[in-house]
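Here is a short tour of a model, with the sequence and structure for you to follow along.

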Amino acid sequence: MPFEFILFIAMVGVFAACAFAIKLPVSLSMLAASLTGLLLSGNGLGIRHLVEGTFGYVDTILVIATAMVFMRAVQESGALDALNVVIIKRFRTMPAVLLPLLMLVAMFPGMITGSSSASVLTAGAVVAPVLMILGLPSESAGAFIAMAGILGMIAPPVNIPAMIIGGGIDMPFVGFELPLLLLTMPLAIAFSLIFGLKHIKKVSWEELAPRLNLETYKRFGLRLFAPIMVVAILMVLGKTVPQYFGLGLPLVFIIGAALACVVGKRFDPINAAKAAINDALPVLGILAGVGMFIQVMTLTGVRGFIVVSALSVPPALLYAAIAVTIPLFGAVSSFGASSVLGVPFLLALLNKDQIMTAAALSLIASLGDFMPPTALSAIFAAQIVGIEKYSRVLKRLIIPSLFIIAWSIVFIIFSKQISALY
Amino acid sequence: MKIAYLTIAAAVLALTAWNLWTEKDWRKQATAAMVAIPLLLRVLLIK
């Protein structure tokens, strides 16, 4: 048995033991697994390697941290409530348009922060009560916002699993926007209609209005949306004319957050920023831990061993392994699954379009947020819609999840043909 | 741009350190420290 294989099993074993048995956070479990790899390979504690590893994701950490600050500022300013009001007022008589738009609203925080929990807990908490008023049973409303969480997490501009997978093969997070839109938007439209269309009823504005927060929109009007618009415009300009507007995402988010402080409800920006970073720390810690894990795997030769092993797997078995192991490993963390399994699978699929393949793998990895016992997205969604047993929400997500896996694998198989279309 | 980048990094570092200081759970403190170390080295231009 190759020594690298023993090392890999030891690292993954320690990681799983820490995460499941000792119930350590994923970040610390990654750190423990990395230390195990260093000690068993004879590299001692190798602190410099651990620190070096964290630098692989230091810019991603800045993007996520500032995105969370921006999202918190937008939420505190009242813009999310106002956005809900505008969409419902305008489209309440057109369910086929209203449902995908509500899905987009629920996805928005995830798209900005790359975190499904952020989506479910912020916009999801605003959208879910409205869905239930419109006639959706609580299970369907929960499934709707849980799905919005993971699709938002994968949709551009920020997709942490794709960043992790790309980082593992030194591929920058560039050129992912269109593949990620192609992967997520058709699913967002389809699932919003599947979850909602058969239940939704037409409700009069008089019936709806008392249950919505109309005050903020009445008081501040459209200017509430200025931060979101400015951030969107700066992102587009940053892509189209980078020589003039290549500010970088952290600065764009800080500009948006600063604007949110003055256009809507007043709030304490310092405490809001502190709370935002507090919410972001588990994800930021995972990124630091993933960096360490990959660094140690590279140092000890485990990464090369996994790649060579993955390359020798027959294609049919490879797709089956992708479909089964990545979502299952996601029970620990979808980011962990991206790091430990996403990177080797991407390397095993070097003959495919790498951007499209990494994007599709990230979509499969996101399903980890539905995987018990952690099932973050489903648990938070169940709490928001007032369901005690999250398995009732989870049941509604099983078939959509299988469809997501099949959809992603089709994108991987035909990655070159799809990428040739744009 | 470099100044803006370092200012943002310093701000995130300060907020992380503040959270570390006020946090009671050692696991969350350790996670905050894992995030703070690379940011500190970056802000000090060591790495």
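## Helix packing and the chain contact

In chain A, helix α9 (residues 138–154) and helix α22 (residues 376–384) have axes that come within 8 Å and cross at roughly 140°. That angle makes α9(A) oblique to α22(A), and the crossing is right-handed. Keep in mind as you look that this is a predicted model.

Which residues bring α9(A) and α22(A) together? From α9(A) come Gly142(A), Ile145(A), Ala146(A), Gly149(A) and Ile150(A), and they meet Ser377(A), Ala378(A), Ala381(A), Ala382(A) and Ile384(A) of α22(A). By type, the residues of this contact of α9(A) with α22(A) are seven nonpolar, three polar and no charged.

A second pair to look at is helix α1 (residues 3–21) and helix α18 (residues 302–311) of chain A, whose axes come within 9 Å and cross at roughly 105°. α1(A) and α18(A) are therefore roughly perpendicular to each other. On the α1(A) side, Glu4(A), Phe5(A), Leu7(A), Phe8(A) and Met11(A) take part, meeting Val302(A), Phe305(A) and Ile306(A) in α18(A). The residues of the contact of α1(A) with α18(A) divide into seven nonpolar, no polar and one charged.

The table sets out the two pairs.

| Helix pair | Axes come within | Crossing angle |
|---|---|---|
| α9(A) and α22(A) | 8 Å | roughly 140° |
| α1(A) and α18(A) | 9 Å | roughly 105° |

Now step back to the whole of chain A, where the secondary structure comes to 24 helices and zero strands. Its radius of gyration is 21 Å, close to the 22 Å that the globule rule gives for 422 residues, so chain A is as compact as a globular protein of that length. Along its principal axes, the C-alpha trace of chain A spans about 70 × 45 × 45 Å. Buried residues account for 56% of the 422 residues in chain A. Of the contacts in chain A with a separation of 6 or more, 80% are between residues 24 or more positions apart.

Finally, turn to the neighbouring chain: 26 residues of chain A are in contact with 20 residues of chain B. Which helices of chain A each supply at least two residues of the side that touches chain B? They are α2 (26–40), α3 (47–54), α4 (58–77), α16 (249–263) and α17 (269–300). The largest share of that side, 10 residues, comes from α17(A). The residues on the side of chain A that touches chain B divide into 19 nonpolar, six polar and one charged.

Conventions
Residues numbered from 1 in each chain as written. Chains lettered and ligands numbered in written order. Predicted model: local features only at pLDDT ≥ 70, side-chain atom pairs only at ≥ 80, totals over all residues. Axes fitted to C-alpha atoms, helices over the stretch in contact; angles between N-to-C directions. Helix = DSSP H or I, 4+ residues; strand = E, 2+ residues; numbered from the N terminus. Parallel < 35°, antiparallel > 145°, perpendicular 65-115°, else oblique. Left-handed = near helix turned anticlockwise from the far one by under 90°. Contact = placed C-beta atoms within 7 Å. Nonpolar A, V, L, I, M, F, W, Y, C, P; charged D, E, K, R; others polar. Rg over C-alpha atoms; globule rule 2.2 N^0.38 Å. Buried ≥ 20, exposed ≤ 12 C-beta atoms within 10 Å, placed from the backbone.
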